[in-house]
Amino acid sequence: LSVVSLAVLYNIVFVIGRAVFWELNKQAAVLWWILDYLCDFIYLADTLVHCHEGYLEQGLLVRDASKLRKHYFSKQRWWLDVVSMLPTDLAYIWWAPSSCAATRLPCPIIVRINRLLRLPRMWEWFDRTETATGYPNAFRICKVVLAILVLIHWNACLYFAISYALGFSTDNWVYNINGPKNLTLSRQYIYSFYWSTLTLTTIGETPTPENDAEYLFVVADFLAGVLIFATIVGNIGSMISNMNVTRVEFQNRMDGVKQYMAFRKVGGELEARVIRWFAYTWAQSGALDEERVLAALPDKLKAEIAIRVHMDTLRQVRIFQDCEPGLLEALVLKLKLQVFSPGDYICRKGDVGKEMYIVKRGSLSVVADDGMTVLATLGAGSVFGEVSVLEIAGNRTGNRRTANVRSIGYSDLFCLAKRDLWETLADYPEARASLTERGCQLLRKDGLLDEAVFANAQQTQDSLESGVARLEQTVENLNLRLARLLAEYSASQSKLKQRISKLEDRVQKSPTSRGEARNNHQLQQQHKQQQQQQQQEQQNAGSSSSSAARLRSHRRKSHSSTTTTTAEAAAADESLTVATTGAGGGSGGVGNGVPGRQNTL
């Protein structure tokens with residue numbers, strides 16, 4: 001991409017420049033011809049390479065040539081590559097390159113302007129370089145400066161072309177071509193570049209336009225300069241501020257600590273020590289917060305970086321020598337860097353040991369209780385406090401510090417906390433036993449191990465471990481039995497459901513069952529009809545009895561009446577006889593003696 005970018009930059013600068021400045025096009029015509037067609041060859045090679053560039057598909061790099069070409073043509077930019085290679089130079093056949101002059105512009109080289117369509121490849125190279133370089137801010141500034149120079153160059157060429165269109169030396173605003181000095185290429189380009197710089201940077205002090213076209217061009221140039229250069233200047237300011245952002249954050253933290261110490265009226269000596277500590281931290285590491293910087297990385301990459309940086313330091317600890325790599329990789333992520341100032345005590349005699357320390361840089365002194373007598377000196381690679389973090393039973397010191405350790409100058413120490421160590425050892429029981437044995441050897445060497453207490457603790461630990469193992473085995477057996485019972489219950493349930501469904505299907509499909517159900521339904525309907533008939537007959541019988549009683553009383557009262565009345569009574573008696581006979585016939589099936597009542601009447 002770097003070679004392609006150079007070819008693109010060549011076309012960006014010289015295609016436009018040679019199209020306007022005829023003297024530039026005429027000088028070294030053979031050189032221009034070689035460079036032009038060399039760039040065309042680079043474009044062709046870049047197209048062939050570009051259409052075979054690998055890409056990731058589901059995380060795997062695709063290398064198949066047919067798939068690579070298909071992927072290349074599926075993107076929208078392939079037509080830019082094709083158009084940028086079109087042989088527009090064939091126009092030289094009827095438009096000779098040597099035909100341009102002060103009276104005939106632009107030069108035929110303008111037909112190669114399609115080569116500028118390869119510009120996205122140069123931007124791609126810029127992005128990749130900015131990502132890969134170790135000085136991204138400096139590279140961004142260089143890229144912005146290059147963009148400014150190209151814009152000024154293009155604007156200078158445009159000014160010279162407009163001067164040609166309006167007529168050289170026609171007024172004070174256009175370029176004055178009169179005089180041998182003004183006819184030289186250097187004067188033409190330098191003056192145009194100067195005018196373009198003054199205009200785009202909105203500095204002014206350029207000749208005043210004298211016609212409408214000149215006014216419009218100057219106004220458009222000023223607007224473009226305001227917009228473009230405001231953006232560019234803003235980006236440069238942002239880049240410069242980003243270059244100092246770490247220093248600014250560090251200074252803000254230090255100022256906050258200073259304000260706190262002034263508010264709490266901290267003594268001058270302690271305040272000076274704090275300021276010196278800040279200065280040392282900045283000088284050594286630039287106040288770099290490793291955890292915040294590496295927070296964006298996945299755990300695997302963070303572990304590899306930590307191993308690369310701190311593994312040699314961790315291997316210097318005697319109890320960690322020959323440990324399995326997995327344990328060391330887990331422990332190296334737990335190391336914390338601490339910086340101590342001159343005279344600071346890392347630990348004092350009698351303190352409970354909660355951390356172990358590895359000296360990365362600096363010197364430490366082991367001093368007596370009086371603080372003056374130096375018993376030993378520790379340098380880079382020294383380790384202390386490793387036994388206290390193991391919590392070995394029978395340690396006569398009771399996991400307490402046995403000496404005072406003080407920093408002579410500024411010292412950088414790696415700290416490993418006891419809690420972090422045991423959380424890591426929980427996943428490595430063999431390594432835990434090995435580390436305990438090595439710690440016991442160190443204690444025996446110094447005569448600080450009570451063998452009886454250690455043996456009792458080991459027996460208790462073994463009995464607890466065996467009890468826990470038995471309990472775990474019992475729980476596992478119970479889980480197996482419960483799983484077996486649940487499986488059997490589920491199987492029986494499924495079998496029972498299948499049998500019930502089969503019986504239901506058999507009952508629904510049987511014709512005898514359907515006939516019995518139909519007969520039962522008919523019997524129920526007949527029984528309901530009989531009950532309704534009985535109720536109706538009882539009601540009819542009751543009404544017939546009441547009519548007969550009323551008729552008997554009427555006959556007793558009118559016994560002495562006339563013949564007409566007797567005839568009416570006889571007719572009434574006859575009608576009653578008919579009604580009673582009908583009632584008796586309707587209730588013959590019941591057998592309640594209604595026909596005998598007719599004779600009585």
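Tutor: In this predicted model, the accessible surface of the protein chain comes to about 37600 Å², and 58% of that surface belongs to carbon and sulfur atoms. The protein chain holds 20 helices and 10 strands, and of its 601 residues 30% count as buried.

Student: Why is serine 238 called partly exposed?

Tutor: Serine 238 has a relative accessible area of 34%; buried would require a value under 20% and exposed a value over 50%, so with 34% serine 238 falls in between and is called partly exposed.

Student: How do you know that the largest nonpolar core lies between domain 1 and domain 2?

Tutor: That core has 38 residues, among which Phe21, Trp22, Phe160 and Trp173 touch the most other members. The elements giving two or more residues to the core include α1 (2-20), α7 (136-166) and α9, and the largest share, nine residues, comes from α1. Because domain 1 (1-121) and domain 2 (133-288) both give residues to this core, the conclusion is that it lies between them.

Student: Which residues are in contact with phenylalanine 21, leaving aside its neighbours within four places in sequence?

Tutor: With those neighbours set aside, phenylalanine 21 is in contact with Cys157, Phe160, Leu185, Gln188, Tyr189 and Ser192. There is also a second, separate core of 28 residues, and Met311, Cys323, Val332 and Cys440 are included in it.

Student: What makes phenylalanine 168 and tyrosine 175 an aromatic pair, and why is the pair called edge-to-face?

Tutor: A search of the whole structure finds 27 aromatic pairs. For phenylalanine 168 and tyrosine 175, the rings are 6.4 Å apart centre to centre, with 85 degrees between the planes. Phenylalanine 168 and tyrosine 175 are both buried.

Student: How do you know that the charged end of arginine 118 sits over the ring of tyrosine 43?

Tutor: The charged end of arginine 118 is 4.6 Å from the centre of the tyrosine 43 ring, and the distance part of the test asks for a value within 6 Å, with a further condition of within 35 degrees of the ring normal. The charged end of arginine 348 likewise sits over a ring, that of tyrosine 345, at 3.8 Å from its centre.

Methods
Residues are numbered from 1 along each chain as its sequence is written. This is a predicted model: local features need pLDDT of at least 70, side-chain atom pairs count only at pLDDT 80 or more; totals for chains, interfaces and linings use all residues. Side-chain values use heavy atoms; hydrogens and water are left out. Buried means under 20% relative accessible area, exposed over 50%, partly exposed in between (1.4 Å probe, protein chains only). A nonpolar core is a set of buried Ala, Val, Leu, Ile, Met, Phe, Trp, Tyr and Cys residues joined through side-chain atoms within 4.5 Å. Helices (H or I, at least four residues) and strands (E, at least two) are DSSP runs, numbered from the N terminus. Domain bounds come from an automatic or database domain assignment. Contact means heavy atoms within 4.5 Å. Accessible areas come from the Shrake-Rupley method with a 1.4 Å probe; for residues, only the protein chains shown count as cover. Rings of Phe, Tyr and Trp (its six-membered ring) pair if their centres lie within 6.5 Å; planes under 30 degrees apart count as stacked, over 60 as edge-to-face and the rest as tilted.
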